[in-house]
Amino acid sequence: MNYWTELSVNYANQRDYLDSLFRVYPMSPNIRRTISEEKWNIIENSFNEQNNEILVKELLKLDLFPIKDSYVAYLKRDPSSITRNPNTINRLAGNLYQMGLNEIYNKCTEPKETNRQIGPLFKRWIDTGTIGAPVFHNINEFLNSNGNAILNISDTEMKNFAKQYLGYDHEKGLDFIARFNNKYIIGEAKFLTDFGGHQDAQFADAISTITSTLLPNILNVEVIKIAICDGVLYIRGNNKMHRHLENHDEEIVVSSLLLREFLYSV
């Protein structure tokens, strides 16, 4: 196991890890989605008039369709298919009439799942200045700055920057780019909330970033790849994530709570 990974495991198992992690990933109460009065009036009128096509078409425009049905995603991605498939539309409309307007509204305004809130939180935490180095949102200002610095822009912009300047040769976007002690650190941040399925895939994404090939870079600088991971991977035991950590000491996987210490040590 990598030295910084071991420190992260020890931190998670010996200290108030979750209490401290809440500063990085604060989970806000799940606020219900909203539907504008104008949109809801159209939906309500088409429901009352039993205009199947308009009812389904308007509901498909919302973030959340009130019925879980295997055909909904296709209709969302190809709106022209609505008029070509009247039997499918009538079937969905029949289910909607059976639900009633109140239940349709409740289903369409359900809160976003907690894991969908996580994405931007790491970058917001970086913007708080907790690392203790200037945070730049402009590439030229970052490149022209002296000393330790952090570049905090979109995942895609970070990827493009790393490809152009740092020899990054991977298609995954990045969550973190910094310069410390004249070395560049690039990484992906993950909060892994459980084992299996989608979370295993998220862990694999982070590992694929730090195991990707680096080409010679035009800045002629040392580039260090890291995975800034938090969550269940630090639980000791016979689980896939932890076994991987134990068997790959060449991979730097570090908790966000130890990121500052790592950066100043490089």
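Buried means under 20% relative accessible area, exposed over 50%, and partly exposed in between (1.4 Å probe, protein chains only). Helices (H or I, at least four residues) and strands (E, at least two) are DSSP runs, numbered from the N terminus. The model is predicted: local features need pLDDT of at least 70, side-chain atom pairs count only at pLDDT 80 or more, and totals for chains, interfaces and linings use all residues. Residues are numbered from 1 along each chain as its sequence is written, and side-chain values use heavy atoms, with hydrogens and water left out.

Helix H4 spans residues 52–60. Its buried residues are Leu 55, Val 56, Glu 58, Leu 59 and Leu 60. The cover over these buried residues includes helix H3 (37–48), helix H5 (72–77), helix H6 (81–84), helix H7 (86–99) and helix H8 (101–108).

Two packed helices are described by the angle between their axes and the distance between the axes. Axes are lines fitted to C-alpha atoms, for helices over the stretch in contact, and angles run from 0 to 180 degrees between N-to-C directions. The axes of H3 and H4 come within 8 Å and cross at roughly 155°. H3 and H4 are therefore roughly antiparallel to each other (under 35 degrees counts as roughly parallel, over 145 as roughly antiparallel, 65 to 115 as roughly perpendicular, the rest as oblique). Their crossing is left-handed (the near helix is turned anticlockwise from the far one by less than a right angle; clockwise is right-handed). Contact means heavy atoms within 4.5 Å. On the H3 side, Ile 42, Ile 43, Ser 46 and Phe 47 take part; they meet Ile 54, Leu 55, Glu 58 and Leu 59 in H4. By class, this contact has 6 nonpolar, 1 polar and 1 charged residues. Here Ala, Val, Leu, Ile, Met, Phe, Trp, Tyr, Cys and Pro count as nonpolar, Asp, Glu, Lys and Arg as charged, and the others, Gly among them, as polar.

H3 also packs with H8, at an angle of about 145° and with the axes 11 Å apart. This crossing is right-handed. Trp 40, Glu 44, Phe 47 and Asn 48 of H3 make the contact with Leu 101, Ile 104 and Tyr 105 of H8.

Next come the cores. A nonpolar core is a set of buried Ala, Val, Leu, Ile, Met, Phe, Trp, Tyr and Cys residues joined through side-chain atoms within 4.5 Å. The largest has 46 residues, and Phe 122, Phe 176 and Leu 259 have the most contacts inside it. Strand S5 (residues 223–231) gives the most to this core, with 5 residues. Another core, of 21 residues, lies apart from it and includes Leu 55, Leu 59, Phe 65 and Leu 75. Beyond four places away in sequence, Phe 122 touches Val 24, Tyr 25, Asp 175, Phe 176, Ala 189, Ile 228, Ser 256 and Leu 259.

Helix H12 (residues 197–210) packs with helix H13 (residues 240–247) at about 20°, with their axes 10 Å apart. H12 and H13 are therefore roughly parallel to each other. The crossing is right-handed. Gln 199, Asp 200, Phe 203 and Ile 207 in H12 meet Lys 240, Met 241, His 244 and Leu 245 in H13. These residues divide into 4 nonpolar, 2 polar and 2 charged.

Thr 209 also sits in H12. Thr 209 is buried, at 0% relative accessible area. Gly 196 lies in the loop between strand S4 (183–192) and H12. Gly 196 is partly exposed, at 28% relative accessibility.
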